[in-house]
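Open the structure in your viewer and keep the selection tool at hand. The stops below go from one selection to the next.

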Amino acid sequence: MKETDVIVIGGGVVGCATADALARRGASVVLLEKGDDVAVGASRANSGIVHAGYDCEPGTLKARFNRRGNEMMWRLVRELNVPHRKCGSLVAAPEGGEEGLRQLLDRAKKNGVRAEIISRERALDIEPNLADKVSSCLYAPDAGIVSPYKLTIKLAERAVLNGAEVVTEAEVTAIACVDGKYVLSTQKGDFKCRVVVNCAGAGAAGINAAAGAETFETEFRRGDYFVLDTTEGCNVSTVVFPLPTAAGKGILVAPTADGNVIYGPTSVPVAGADTAVASDALDEIRRAVPLTYARPAFNKCIRVYAGVRAIVGHDFTVEESRLRKNFFTVAGICSPGLTAAPAIAEYLVGLIGEKMPLAERSDAVTVLPHAPRLTELSDDEINAFVAHNPAWGRIVCRCEKVTEAEIVAAVHSPVPAVTVDAVKRRVRAGMGRCQGGFCAPRVMEIIARETGVPLSAVRKGGAGSEIAVIKVGEADYD
Ligand SMILES: Cc1cc2nc3c(=O)[nH]c(=O)nc-3n(C[C@H](O)[C@H](O)[C@H](O)COP(=O)(O)OP(=O)(O)OC[C@H]3O[C@@H](n4cnc5c(N)ncnc54)[C@H](O)[C@@H]3O)c2cc1C
């Protein structure tokens, strides 16, 4: 049975940031993820906003980790080569909404976050397409956008390059305490460690119960989105929020770090982590967007998606269990958890550092090499790449111009992409206007060839999502 210092449960952005931070400080780490890849929970489907931190209740862990996470994020994304833009954010208020903006400004001051209330005229310099009804805004220059799943994947990759092991399709189903150590059971076998960090997101309550640690209730809220084609990207310069309500930050309009635009999210109470999009939720977005944004372009929608927030009480929980020594609970990491993830990991390093020696390794990998992309290369560079490797000359995804060489590199990356969706999250094959209509079969062939499995075993994502289930011409359709 494999034994390590630490096991991190959950390959979301928080678990991957924690594994990365621990591995860089010399701990032996295994990360266990129940999905087929990292970034398959809330860290895959959110707004991708690096929040400034003006709206968290002062004194909470959310406020503290949001501010620190924002400070850490901009260096982190450069080190990891993750798409990002520090584009600032606006809270757009209609006439009569000034008091709401003043309350946010007051919170910003208490949280130590830069923000100011600006006139409509100044706000139009930042976002020319504000709706006519917007009369003033709260501007937060330190907010921005990041690719949430690429951040998560790159954190996992850096953890692996620093010696951690990421085990996917390893759902933790039981936790036993044996001679002061923990033994975690999964379908990939048992894993032993001294310290457990529960970063299981929507599954965190079940993990705590299995370990005999504190139990808690989780509330789930689904957020639905429209994704617009990249041709719309030039029309949205910054993140535009409405005034927040009790249900959350409201329905925003934002560019994505990869050049698309999103409208959303809703905040719909749901029974569990079900990410099926609902049409009434999309109607709510259709009604909300024109209140802040003058150029809604729902006709440019290329996809809808939803993510689910796991909420526990009103704040994040990041603590050692009082019932189980060396067992850490990281739960209720809803928004701004993406922003806060590096700060949560830093805090956990401090707590775990009281249990074992942890010190920054001088030989740790810090900066990840830039994976070249066809769209970023000059003609001369493309010619040189193709001469060296003809797969650079074979475009597989026409919408996003992704080559076979980029897909092969993703399949053999430190956290290998072995499903169609995992390839998509790494290199954008299938992220464009046709949503994989043309390239998915080619991506499947490449995965099958590179991993040595039959085409019928290649999956879209998780278990049971095989795509090529029958061979046309040989099977009886009836
Ligand atoms: C709609 C929406 C919008 C948001 N927008 C923003 C935003 O703009 N900015 C921001 O800062 N934050 C945002 N957030 C919050 C942010 O997405 C989350 O805080 C963050 O992704 C949580 O990361 P996590 O690692 O805790 O959870 P997750 O990403 O959910 O990861 C948990 C992982 O644990 C795995 N797991 C569960 N059970 C087990 C088990 N038994 N064994 C092994 N693995 C297990 C799951 O498969 C999953 O991969 C948003 C969230 C949502 C839902």
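**Stop 1: the ligand and its shell**

Select domain 1 (1-85 + 145-218 + 312-370) and domain 2 (89-141 + 219-311): both give residues to the shell around the ligand, so the ligand lies between them. The domain bounds come from an automatic or database domain assignment. This is a predicted model, in which local features need pLDDT of at least 70 and side-chain atom pairs count only at pLDDT 80 or more, while totals for chains, interfaces and linings use all residues. Residues are numbered from 1 along each chain as its sequence is written.

Next, select the residues around the ligand, of which there are 40. A residue counts as near a molecule or strand if its C-beta atom, placed from the backbone, lies within 6 Å of it. Gly12, Gly41, Gly203, Gly223 and Gly337 come nearest. Two or more residues of the shell come from each of helix 1 (13-24), strand 18 (301-311) and helix 8 (337-352). Helices (H or I, at least four residues) and strands (E, at least two) are DSSP runs, numbered from the N terminus.

Colour the shell by class: 18 residues are nonpolar, 18 polar and four charged. Here Ala, Val, Leu, Ile, Met, Phe, Trp, Tyr, Cys and Pro count as nonpolar, Asp, Glu, Lys and Arg as charged, and the others, Gly among them, as polar.

**Stop 2: helix 2 against helix 8**

Which residues of helix 2 and helix 8 make the contact? Helix 2 contributes Phe65, Asn66, Arg68, Gly69, Asn70, Met72, Met73 and Leu76, and helix 8 contributes Thr339, Ala340, Ala341, Pro342, Ala343 and Ile344. Two residues are in contact if their C-beta atoms, placed from the backbone, lie within 7 Å. By class, the residues of this contact are nine nonpolar, four polar and one charged.

**Stop 3: domain 1 against domain 3**

Select domain 3 (374-457) together with domain 1. Their C-alpha centres lie 29 Å apart. Domain 1 gives 11 residues to the contact and domain 3 gives seven. On the side of domain 1, the largest share, six residues, comes from helix 5 (residues 148-161). That side has eight nonpolar, no polar and three charged residues.

**Stop 4: backbone details**

Go to Pro265, in the loop between strand 16 (261-264) and strand 17 (268-270). The peptide bond from Gly264 to Pro265 is cis, with omega near -5°. Then select Pro336, in the loop between strand 20 (327-331) and helix 8; a cis peptide bond joins Ser335 to Pro336, with omega about 5°. Last, pick Lys401, in the loop between strand 21 (395-397) and strand 22 (402-403). Lys401 is not a glycine, yet has a positive phi of about 55°.
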